[in-house]
Amino acid sequence: MENDLISKKELLELTGISYGQLYRWKRKMLVPEDWFIRKSTFTGQETFFPRDRILARIEKIKNMKDDASLDELADILSPNPSDVEVEKDMLVKEKVVSEISMDIFAQVLGILDVFDFQKTLYAYLLDRMLSSGDASAEEGKIILKTLAESFPAFEGKQCDLLFVRKLGVSFCLLIEGQSRISLDPGAKLVRRISISSVVEELKTKLSNGGFSDGKQ
Amino acid sequence: MKNDKRPNMKIIGDNTASGGHYNDAKIIGNGIIKGDMNCVTFKSIGDSTLEGNLKAGTVKITGSIHVEGKTTADDIRVMGDLSIDGDFQAGHCHLRGGITTKSGIKADDLSLMGYVTVKKNCEAETFKADGQIKIDGLLNADDIDIKTYGTSRISEIGGDRIVVRKGSGSNLGKMIRFLFLPSDWGNAMVTVNTIEGDDIRLWSTKAKVVRGKNVIIENGCDIDLVEYKGSLRVHRSSKVKEEKKI
């Protein structure tokens, strides 16, 4: 858990939004339930938020709400995969996923011509890990397998992907978002990716790329 | 949404049926449905039990129904008693009588007369209730209008426009109370921990904290702390321990 919290009162003052808006966004799940952290203070219970994330989120909502309806926004921001279908060639052409990653993907999960959102997400995550140099091709396969087996169980929750290496042996973990982990001193946390934020990123990419409705 | 391939179901009298996909499902009398029910319209007159989830386009209930799973409906009208063990999700919701849920409620607009008991959060665009309300979680709606009869208890209220008032009750009841009972006996009151909204107007409310833009405290309130941005008006018979302008 982060220590840097912002109280609800301060948040409203800082961003200039009203209680009504905040509650409306909460209802539409634009602000995830688990960001509402309750703590007791001398005036009774108060609600706090993780400062950086809530400020970034509200900025984003404010910028986007003129172009999209709240329901559309909720769809982009929710951790649940949306129901898009994209052709494989499109993903490569739009540089969402590189060709090399696609090959590895095909080796593990089979050759697909049309990707649904979840598969796109897996491929995208794989591509990220490979292109950043954090994982090798073999390790990428482990990541893919873990995702394919375990990610669906996290439906509706925030989820983080962790990649750990110790003495040349690497493994991959999926944990519930923002929970704290400790590793033994010999192990190294190579990368921690918040899948929920990647989902958001990918959704924005897919809808901006103009092929949100899939086959064009 | 009518689908010709789906069969209809009808129970008259006392019977058990299995769940499944139906077009119209009708129960008159006492029905038990085992398994998940998925239908276009669901109508029940009498007393029925659903041992599974209910998913329907329109639901009409006269009498009582108990659902042991989740309930999802576009349009639901209940005259009588609705009790649900799982989540309750509905578009338009019109309840006369009572609703009890062991989980939360999510609706577009909810209009209620009677009692409501919710163990978790209750979310709606508009929430209009006349009666006795017990919500252990957060009541979150754009437009909240509560008229309380008897004591209502809500853990938290949050929204845009919030109005809490007291139901008037019958004249005879008022007279009996005036003659025989202590003046504060059985007074309709809403007890809340925190209320947060933009425009708040309260009657007969006991709250720890009220935060809002424009706050009007009418008679019969007892509030520990009011924080406001715009304006505050307090009726002289109400008690406000501390007020802060931000």
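This briefing describes selected features of chains A and B, grouped by topic. The model is predicted. Chain A contains nine helices and eight strands, and its C-alpha atoms fill a box of roughly 60 × 50 × 25 Å along the principal axes.

**Chain A overall**

- Of the 216 residues in chain A, 46% are buried.
- Among contacts in chain A with a separation of 6 or more, 63% are between residues 24 or more positions apart.

**The helix pair H7 and H8 of chain A**

- Helix H7 of chain A spans residues 117-131 and helix H8 of chain A spans residues 137-150; their axes come within 10 Å and cross at roughly 150°.
- An angle over 145 degrees counts as roughly antiparallel, and H7(A) and H8(A) are therefore roughly antiparallel to each other.
- The handedness of the crossing of H7(A) and H8(A) is right-handed.
- On the H7(A) side, the contact is made by Tyr122(A), Leu125(A), Leu126(A), Met129(A) and Leu130(A); on the H8(A) side, they meet Ala137(A), Gly140(A), Ile143(A), Leu144(A), Leu147(A) and Ala148(A).
- By class, the residues of this contact between H7(A) and H8(A) comprise 10 nonpolar, one polar and no charged.

**The open sheet of chain A**

- An open sheet of three strands in chain A has the order S7-S6-S8, with antiparallel pairing.
- Strand S7 (169-176) and strand S8 (188-194) of chain A are the edge strands, each pairing on one side only.
- On average, neighbouring strands of this sheet are turned by 20° against each other, direction ignored.
- Strand S6 of chain A, residues 159-166, pairs with S7(A) in the antiparallel sense, and eight bridges are found between them.
- One of the paired positions involves Asp160(A), whose bridge partner in S7(A) is Ile175(A).
- Helix H8(A), described above for its packing with H7(A), also lies across S6 and S7 of chain A and runs at about 25° to S7(A).

**The S6-S7 hairpin and Leu167 of chain A**

- The hairpin of S6(A) and S7(A) has two residues between the strands.
- Leu167(A) lies in the loop between S6 and S7 of chain A.
- Although Leu167(A) is not a glycine, its phi is positive, at about 50°.
- The relative accessible area of Leu167(A) is 79%, and the residue is therefore classed as exposed, the cut-off being over 50%.

**Strand S10 of chain B and its partners**

- Strand S10 of chain B covers residues 222-228; six of its seven residues are buried, so the strand is largely enclosed by the rest of the structure.
- S9(B) and S10(B) run parallel and are joined by six bridges.
- Between these two strands, Arg211(B) has Glu227(B) in S10(B) as its bridge partner.
- S10(B) also pairs with strand S12 of chain B (residues 239-245), in the parallel sense and over six bridges.
- Ile223(B) stands opposite Val240(B) in S12(B).

**Ser204 of chain B**

- Ser204(B) is located in the loop between strand S8 (189-202) and strand S9 (205-217) of chain B.
- Phi of Ser204(B) is positive, near 45°, in a residue other than glycine.
- The relative accessibility of Ser204(B) is 7%; the residue therefore counts as buried, since the limit for that class is under 20%.

**Pro7 of chain B**

- Pro7(B) belongs to the segment before strand S1 (9-51) of chain B.
- With a relative accessible area of 43%, Pro7(B) is partly exposed.
- Leaving aside residues up to four places away in sequence, Pro7(B) touches His21(B), Tyr22(B), Asn23(B) and Asp24(B).
- Pro7(B) and Ala25(B) are 18 residues apart along the chain, and their C-alpha atoms are separated by 9.0 Å.

Notes:
Residues numbered from 1 in each chain as written. Chains lettered and ligands numbered in written order. Predicted model: local features only at pLDDT ≥ 70, side-chain atom pairs only at ≥ 80, totals over all residues. Heavy atoms only, no water. Axes fitted to C-alpha atoms, helices over the stretch in contact; angles between N-to-C directions. Helix = DSSP H or I, 4+ residues; strand = E, 2+ residues; numbered from the N terminus. Parallel < 35°, antiparallel > 145°, perpendicular 65-115°, else oblique. Left-handed = near helix turned anticlockwise from the far one by under 90°. Contact = heavy atoms within 4.5 Å. Nonpolar A, V, L, I, M, F, W, Y, C, P; charged D, E, K, R; others polar. Pairing = 2+ DSSP bridges. Buried < 20%, exposed > 50% of the residue type's maximum accessible area, 1.4 Å probe, protein only.
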